[in-house]
Amino acid sequence: MKRLKYIKGMALFIVFICLLYIGICYTTWVVRDKSLGNIWVKLREQKKDSIDVIFLGTSHQFCSIDVDLLYEEYGINGFMLATSGQTMPMTYYAAKEAIRMQHPSVIVFEALYCHHDFRTLTDGMTHSFFDGMPYGAVKKEAVEDLIEDESQRIYYYLDLGYFHNRWKDLKEPDFHCTMNSSRGNYHFEETNPGSVVPVLETDEKREIPEGTLYYLDLLIKLCQENNIRLVMYVAPFGVLNEGDDPAGVYEMQKSFHWIRDYVEPMGIPFYNLFEHVEELHLDYGADFMDAQHFNFRGQEKFTRFMVENGYFDF
Amino acid sequence: MLFNSLQFLAFFPVVVIVYFLIPSKIRYLWLLACSYYFYMCWNPKYVLLLLASTVVTYLAGLFLVRWSDSPKRKKWVLAICLLINFGILFVFKYANFAIQTIEKLLGLVHITVPEVTIRLLLPVGISFYIFQAVSYLIDVYRGDIKPERNFFIYALFVSFFPQLVAGPIERSRNLLPQIRNLNKTHLWDSKRLLGGCALMLYGFFLKMVIADRAALFVDTVFDVEKYSVYGSFEVLTGMLLFTLQIYCDFAGYTSIAIGAAKILGVELMDNFNTPYFAVSIKDFWNRWHISLSTWFRDYLYFPLGGSRKGKLRKYLNIMIVFGLSGMWHGAGWHYIFWGLLHGVYRVTGEATLKIRQKWNQICKKRTDTFSHQLWKRTCTFSLVAVAWVFFRAASLRQAVDLLFQLVSRFNPWVLFDGTLLNLGIDAKDWNVLILSILILFAVSLCRHWGKQPAKAFAEQGLLFQAVVIYFGIIAILLFGVYGAGYEAAQFIYFQF
C-alpha cells in the first residue's frame with residue numbers, strides 16, 4: 001500500500017515536471033523575438049532527410065532566394081536556413097547541424113560575410129541563430145566557441161532568460177506562427193528605393209581574414225566528408241545610405257574575387273552576381289525592401305535568374 | 001551561489017535527489033559537503049575562514065565542558081574564542097573602516113599619515129555564521145546546551161547552506177537537535193515538500209518580481225551622480241520603494257531558505273512577522289530580522305543589564321545595542337547612524353510613553369480604535385522609512401541631502417506628468433509592481449490576522465497546490481527581473 005502510494009506520488013511528480021516543461025517551452029516560444037525568424041523550429045518540423053538543398057548565409061540569402069518558388073516551379077526541394085548576421089563560423093555550425101538533421105545533397109552558401117572576421121554581430125542576431133537550435137553536441141560546441149562571455153552562454157540554452165522581458169511588447173502575432181513559411185522562406189512586401197549596385201571593374205583581390213578562412217575550410221571539409229555539393233555565391237547590393245562612399249562595397253568584391261580563386265580549384269562553384277547585375281534587370285524603385293535587400297519582387301526575379309541561368313542546376 | 005541564479009536551480013534539485021536516495025545515516029555528511037560546495041562557489045579560499053570559526057568554536061565547546069568546574073578557565077576559553085571570532089570579523093569587515101576613520105581623525109588635527117588599505121574581500125555571510133557559532137559557544141558556556149561532540153554535525157550546524165549566507169541566525173537549541181536527527185526524518189511527506197516548494201516560490205516572487213523591480217527605481221533615485229536633481233516626490237517614491245525592496249529582498253531570501261530547509265526536513269526559525277504592520281519601533285524590532293534582534297537581546301542587551309539597572313542605564317544599553325546593530329549591518333557611518341537613529345526612536349518611545357498615555361487620558365482618546373492603530377502604524381512605518389534612507393544612501397551626506405530634497409522641493413506634478421515612469425521602471429513595470437504589492441499585502445494581512453498562509457496552502461487539495469505552483473513558476477519566469485541584460489542581483493543582506 002505504502003509502495004503504491006509512493007509510486008503514485010512519483011508518477012504525479014513526473015507528470016507535473018513534464019507539464020511544467022511544456023509550459024516553459026510554450027512561454028519561451030511566445031516571448032521569443034520572431035522578427036528575425038525562427039528557422040530551426042521550421043526545420044525540425046520537416047521529415048527527417050526530406051530536404052535536398054539547404055541555403056545558408058545572411059539576410060542577403062533569404063532576401064534573394066525564394067525557396068517556396070524553387071519548389072513549386074522548379075521542383076527544387078530546399079530549405080532556407082540563413083539568418084540575419086549569420087557569420088562564417090555560424091554558417092559552419094548551421095551546416096553541421098543541418099547535415100545531422102537532414103543530410104541534404106547540396107548546400108548553397110551565400111558568402112557575403114566571408115569578407116570580415118566577426119564571430120557574432122548583435123545579441124539579437126546571435127539569438128536568432130541559436131534560438132530553437134536543437135539541444136545537442138553541435139549547439140554546445142557552437143555556443144562554447146562563439147559566445148565568449150561565459151555568464152551569457154546559459155541564455156543560449158534557456159533563452160527565456162533573454163527574452164522574458166518581452167512580455168511588455170507581446171502582440172497578437174507573437175501567439176501565432178512565425179514569419180517564415182514551412183520551408184523557412186521569407187516574404188517581404190515592403191518597398192523602398194534600392195541603392196544602385198557599384199560593380200568593381202578590375203579583378204583585384206583581397207585575402208579574407210585568417211579566422212574566417214579557418215571556418216570556410218571547415219565547411220568545405222565538412223561537405224566533402226559528407227558527400228555534399230557546396231555551391232557559393234554572392235548577391236549584388238549597393239551602399240547602405242544614399243551618398244555613401246562605395247569603396248566598402250568594392251573592398252568586399254575584392255574579397256569575393258579572392259574566395260572565387262580559392263574555392264574554384266577545389267571544384268566548388270562560386271558565382272559573383274555583381275558581375276551579372278545588368279542581366280538581372282533590377283528595378284531599383286520596385287525590387288527592394290531597403291537600400292540593400294530585395295523585397296519579394298526582387299527575390300522572385302533573382303531566384304528565377306539563378307535557376308534559368310544554370311546556377312542552381314541541382 | 002545566489003538563490004536566484006540558474007546555478008542554484010541546478011544545484012538544489014541535485015542536492016535533494018541525492019539526499020533522498022542515500023542511506024539516512026550519512027545524510028548530514030552529504031549536506032555538509034553540499035554546504036561547503038555552496039560556499040566555495042563564491043570564493044573557494046574563504047571557506048577556510050568558515051572552517052576556522054567552526055574548528056575554534058567546536059574545540060572551545062569541548063574545553064568548556066572539560067573545565068566546567070573551573071570558572072576562571074571557562075572564562076579564558078570563552079574570551080579567547082570570542083576574540084578569535086570577532087577578530088576575524090573585525091579584520092575582514094571593519095579594518096579598512098577603522099583605518100580610514102583614524103586617518104580622518106588625525107587629519108582633523110593636521111596629522112598626515114600614509115594611506116593604508118587592506119586588500120581583502122568581505123566574505124559573504126561572515127557576520128551570520130560567526131554570530132551563529134558565537135551563540136552556540138555562549139549557550140555551552142552558560143550550560144544551556146551540551147556541546148556537540150560530532151565535529152561534522154557541528155560543522156553542518158554552522159554551515160547549513162540554506163541559511164549560511166543571510167540567516168536566519170539559528171540557535172543551537174533549535175537547529176542542532178534537528179541535524180542530529182536527520183536520519184530519523186521521514187522525507188516523503190508530500191505536505192512538507194509542497195509547503196517547502198511554496199515557500200521557496202513565494203521567496204522568489206518577493207525577490208525577483210518585487211525587490212529587484214523596485215531596485216530599478218531605487219537605484220536611479222539614489223544614484224550618487226544624479227540624486228541631487230530629484231524633488232520631493234521622486235525621493236518619497238524612492239524611499240518608499242526602498243522600504244519595500246529591502247523587506248522583499250530579505251524576507252524573500254528567508255522564505256527561500258526556510259522552504260529549502262523544509263524540503264530537507266529541517267525547520268528554520270521565522271525571521272519576519274509582518275514588520276511594517278508594527279505599532280511602535282519596539283514592536284517593529286520584534287518583527288524584523290527576529291533572529292538578529294533576539295541574538296542582540298540574549299547575548300548583549302541582557303548581559304549589559306537590560307532594564308534591571310535603572311532607566312538611564314536601560315537607555316544606554318538600548319543605544320549600545322542599536323549602535324552595534326547598525327555596525328553589524330556594514331562598516332560605514334551611515335549604517336551606524338541608521339542603528340543609532342533606531343536607538344533614539346526606541347529611547348524616545350520609552351521615555352515619552354507615560355506622557356503619551358497621560359495625554360490620551362486627558363483627551364479621552366480611545367486607543368483601541370482602527371483609526372488610532374492605523375495612525376500608530378503609519379507613524380512607525382514613516383519613521384522606519386526615513387531611517388532606511390540612511391541605510392541605503394552611499395554616505396551620511398547623501399542621506400541628509402535626500403531628506404532635505406524630500407522636504408524642500410515640493411513637486412506633486414511628477415505624480416501625474418509621467419516623470420515616475422522614466423526612472424528605471426516604465427508603466428507596465430509599475431502595473432506588475434502594484435499588483436505584486438497587493439498580493440504581498442494580502443498575504444501579510446493573513447499573517448497579521450493570525451493565519452499562516454503557508455500552512456493554509458499546505459492544507460489545500462493537491463491539484464490546487466500544483467496549479468498554484470505551476471502558474472507561480474511561469475509567472476516568476478516571465479515577470480521576474482533576471483537574465484541577460486541584468487546582473488543577477490545579490491541579496492542585500494549578503495554583504496552583512
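Here, buried means under 20% relative accessible area, exposed means over 50%, and partly exposed is anything in between, with a 1.4 Å probe and protein chains only.

A quick word on ground rules. This is a predicted model, where local features need pLDDT of at least 70, side-chain atom pairs count only at pLDDT 80 or more, and totals for chains, interfaces and linings use all residues. Side-chain values use heavy atoms, with hydrogens and water left out.

Tyr21(A) sits in helix H1 of chain A; helices are DSSP runs of H or I with at least four residues, strands are runs of E with at least two, and both are numbered from the N terminus. Tyr21(A) also belongs to a nonpolar surface patch whose members, including Val15(A), Leu158(A), Leu6(B) and Leu9(B), have about 800 Å² of accessible area together. Two or more residues come from each of helix H1 (2–31) of chain A and helix H1 (6–21) of chain B, and H1(A) gives the largest share, four residues. Patch members have over 30% relative accessible area and no salt bridge (a Lys or Arg side-chain nitrogen within 4 Å of an Asp or Glu carboxyl oxygen), with like charges joined within 9 Å and nonpolar side chains (Val, Leu, Ile, Met, Phe, Trp, Tyr) within 5 Å. Areas come from the Shrake-Rupley method with a 1.4 Å probe, and for residues only the protein chains shown count as cover.

Now for helix H4 (residues 67–74) of chain A, where Val67(A), Asp68(A), Leu69(A) and Leu70(A) are buried. Just after H4(A), Gly75(A) adopts a positive phi of about 70°.

Key:
Residues are numbered from 1 along each chain as its sequence is written. Chains are lettered from A and ligands numbered from 1 in the order in which they are written.
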